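Visitor: I would like to walk through this structure with you, taking the fold and a few individual residues in turn.

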Amino acid sequence: MTAPAPLDHADLRALNTLHLPARAARLQPVEDAADLPALTAAVADRGEPLLVLGGGSNIVFAGDFAGTVLHMRTRGIELLAQDGDTVLVAVAAGELWHDWVASALERGWYGLENLALIPGTVGAAPVQNIGAYGIELVDRLQSVEAWDLEARQWLRLSVTECEMGYRDSVFKRRLAGRAVITRVIFRLSTVPDPRAQYADLQRELAARGITAPTPRDVFDAVCAIRRAKLPDPAQIGNAGSFFRNPVLDAADAARLLAAHPDAPHYPAAGGAVKFAAAWFIDRCGWKGVRRGDAGVHERQALVLVNHGQATAAELLALARDIQADVRARYGVAIEPEPVIVGG
Ligand code: EPU
């Protein structure tokens, strides 16, 4: 297939969920992964920088991008194998995450219900190991297929090789800027195994009078919670949680909890403790604050919003002030979650 023609000096405002104004020197749609070797070789030969864009829901364009943006628009859901209750399903990078979650549920492939309504594409999901309401992508991942821009070869990374952590993976580290994810292979089950331990989810199900939830019940409850707490990017620009929840080692966590015993916290790997960044930000009084069109969402302190015409500089200045305040008041460093590009 011939790749669609690129667009020069392309407006990226509609392609990032924060709706920040930025332009790409060239915007190249990708509708067939088989076009990647030739397309990316041409970009490299021109000596231009390359950026891979999915749904634009985890990115801050801090300025124009002086290179080629590959806009992943590949489609397709393929059942690769079924072994007893287990199905292996390959999904193209350009599929919309939520549509895939809904479609898996319709087909009776269970395990993704808790991840309903997360914005973005399937190809972006492994980069930050998306997670919500007690489940992370890593729990359902079998492998990832990608084009390696440096070695110029196809990669197939097992879930172990993806080195998934909390909002982290090999694609943010060793393979950052080097791998174009083309397909994600999921391991799902044809037997329902709903996970409803997360406190918010338990509350929502109880409010609905549900004691033995089906996967559909969990899906509906997660959608309701997210709609109630998180802004819809179609209505108000945002990139989901703007900060990662800080993870402290046992000693630092004990010190913090001695001073602030009411700080929400959860056990993390290796004896570490994860704290709720939203709680610190909220306690510092930032929830609902608005400076011009840059603001903190009124129902979830972890989410920065663009009320209309905010610039990246305004949003990033607000983020820096929040970071400084949380550090001064609680001695805790919180770091931005989205990828910041350009500027
Ligand atoms: N909290 C506040 N103020 C707020 C919001 C929350 O004090 O404005 C407190 C809550 O009371 C609660 C704690 O903070 O005790 C945690 O809140 P919540 O369960 O809403 O989760 P979160 O830590 O704010 C994380 C993820 C979300 C995910 C939810 C649910 C990160 C960075 N964020 O948020 O993911 O949907 O848990 O699992 O890990 C995203 O990554 O974009 C995202 C939305």
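Predicted model: local features only at pLDDT ≥ 70, side-chain atom pairs only at ≥ 80, totals over all residues.

Visitor: Is Cys223 buried or exposed?

Guide: The relative accessible area of Cys223 is 6%, and the cut-off for a buried residue is under 20%. Cys223 is therefore classed as buried.

Visitor: What is the relative accessible area of Cys284, and how many disulfides does the structure hold?

Guide: Cys284 is likewise a buried residue, and its relative accessible area is 11%. As for disulfides, the number that the structure holds is 0.

Visitor: How many helices and strands are there in the protein chain?

Guide: The C-alpha trace of the protein chain spans about 60 × 50 × 40 Å along its principal axes. Within the protein chain there are 7 helices and 20 strands.

Visitor: Which strands do the buried residues of α1 pack against?

Guide: Helix α1 covers residues 36–45, and its buried residues are Leu36, Leu39, Thr40, Ala41 and Val43. Just after α1 comes Gly47, which takes a positive phi of about 70°. The strands against which the buried residues of α1 pack are β2, β3, β5, β10, β11 and β12.

Visitor: Which residues is Leu137 in contact with, leaving aside its neighbours within four places in sequence?

Guide: Leu137 is found in the loop between β9 and β10, yet Leu137 is buried, with a relative accessible area of 0%. Pro126 is 11 residues away from Leu137 in sequence, and their C-alpha atoms are 6.9 Å apart in space. Once the neighbours within four places are left aside, Leu137 is in contact with Trp97, Leu115, Ala125, Pro126, Asn129, Ile130, Met164 and Phe186.

Visitor: How far apart do the centres of the positive and negative side chains lie?

Guide: The protein chain has 35 positive and 40 negative side chains. The centres of these two sets lie apart by 3 Å.

Methods. Residues numbered from 1 in each chain as written. Heavy atoms only, no water. Helix = DSSP H or I, 4+ residues; strand = E, 2+ residues; numbered from the N terminus. Lys, Arg positive; Asp, Glu negative; His and termini not counted. Charge placed at Lys NZ, Arg CZ, Asp CG, Glu CD. Buried < 20%, exposed > 50% of the residue type's maximum accessible area, 1.4 Å probe, protein only. Contact = heavy atoms within 4.5 Å. Disulfide = S-S within 2.5 Å.
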